[in-house]
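Here are my notes on this model, as numbered points. Please read them with the structure open.

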Amino acid sequence: DRALRGNSTEVLMTEQDDIIAALYRVILERKANPGEKSYTASLYAKGLDKVLGKLGEEATELAVAGKGGERREIISEASDVIYHMLVLLGYYEIAPDEIYAELRRRFWMSWIEDKESRTS
């Protein structure tokens, strides 16, 4: 076991745990117990539009980084997108496991088949 430390919250991670699940738990903790120095809590305090705006901003920055092709920049911006996506999921209390389940469901079909099945 090891601890994931973020500002004032420490989350115990087991070897079976993943960083996404651990980060999501920290995000929910910040949502439930906002601290004055918590960026996550400040996003929630500003409301859904702020959360959505930051996610859109980070997605755009990832697209720009992708165009630039700098590996380190792409990794950094992708990490920002994942964090802000988790903040949005936390807003609605949608656990990453629900996203994993949806990805597993789609894994065995083409993305085109999946899109068609949701639009018909």
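1. Helix 2 packs on helix 3 at an angle of about 120°, and their axes are 5 Å apart. Helix 2 is therefore oblique to helix 3. Angles under 35 degrees count as roughly parallel, over 145 as roughly antiparallel, 65 to 115 as roughly perpendicular and the rest as oblique. Axes are lines fitted to C-alpha atoms, for helices over the stretch in contact, with angles running from 0 to 180 degrees between N-to-C directions. From helix 2, Y39, L43, Y44 and K46 meet K50, V51 and K54 of helix 3. Contact here means heavy atoms within 4.5 Å.

2. A word on the source. This is a predicted model, in which local features need pLDDT of at least 70 and side-chain atom pairs count only at pLDDT 80 or more, while totals for chains, interfaces and linings use all residues. Residues are numbered from 1 along each chain as its sequence is written, and side-chain values use heavy atoms, with hydrogens and water left out.

3. The overall layout comes next. The chain has six helices and two strands, in the order β-β-α-α-α-α-α-α along the sequence. Both kinds of element are DSSP runs numbered from the N terminus: helices are H or I with at least four residues, strands are E with at least two. Of the 120 residues in the chain, 28% are buried. Buried means under 20% relative accessible area, exposed over 50%, and partly exposed in between (1.4 Å probe, protein chains only).

4. Among contacts with a separation of 6 or more, 43% join residues 24 or more positions apart. The chain exposes about 8,300 Å², and carbon and sulfur atoms supply 57% of that area. The areas come from the Shrake-Rupley method with a 1.4 Å probe; for residues, only the protein chains shown count as cover.

5. Which residues make up the largest nonpolar core? There are 12 in all: Y24, I27, L43, Y44, V51, L55, V81, Y83, L86, V87, L88 and L89. Helix 4 gives the largest share, six residues. A nonpolar core is a set of buried Ala, Val, Leu, Ile, Met, Phe, Trp, Tyr and Cys residues joined through side-chain atoms within 4.5 Å.

6. Helix 2 also crosses helix 4. Their axes come within 11 Å and cross at roughly 50°. The two helices are therefore oblique to each other, and the crossing is right-handed. A crossing is right-handed if the near helix is turned clockwise from the far one by less than a right angle, and left-handed if anticlockwise. Helix 2 makes this contact with Y39, T40, L43 and Y44; helix 4 uses Y83, H84, L86, V87, G90 and Y91.

7. Helix 1 is another partner of helix 2. They pack at about 55°, with axes 8 Å apart. That makes helix 1 oblique to helix 2. The crossing of this pair is right-handed. I27, R30 and K31 of helix 1 meet T40, A41 and Y44 of helix 2.

8. Follow T40 in helix 2. Is T40 buried or exposed? T40 is buried, because its relative accessible area is 8%. Beyond residues up to four places away in sequence, T40 touches I27, R30, Y83 and V87. V87, with neighbours within four places left aside, is in contact with I27, T40, L43, Y44 and V51.

9. V81 sits in helix 4 (residues 71-91). V81 counts as buried because its relative accessibility is 17%. Setting aside neighbours within four places in sequence, V81 contacts L55, E58, A59 and L62. V81 and T60 are 21 residues apart in sequence, and their C-alpha atoms are 9.3 Å apart in space.

10. E57 is in helix 3. At 35% relative accessibility, E57 counts as partly exposed.

11. Check the backbone at E93. E93 is not a glycine, yet has a positive phi of about 55°. Where is E93? E93 lies in the loop between helix 4 and helix 5 (96-107). E93 is exposed, with a relative accessible area of 57%.
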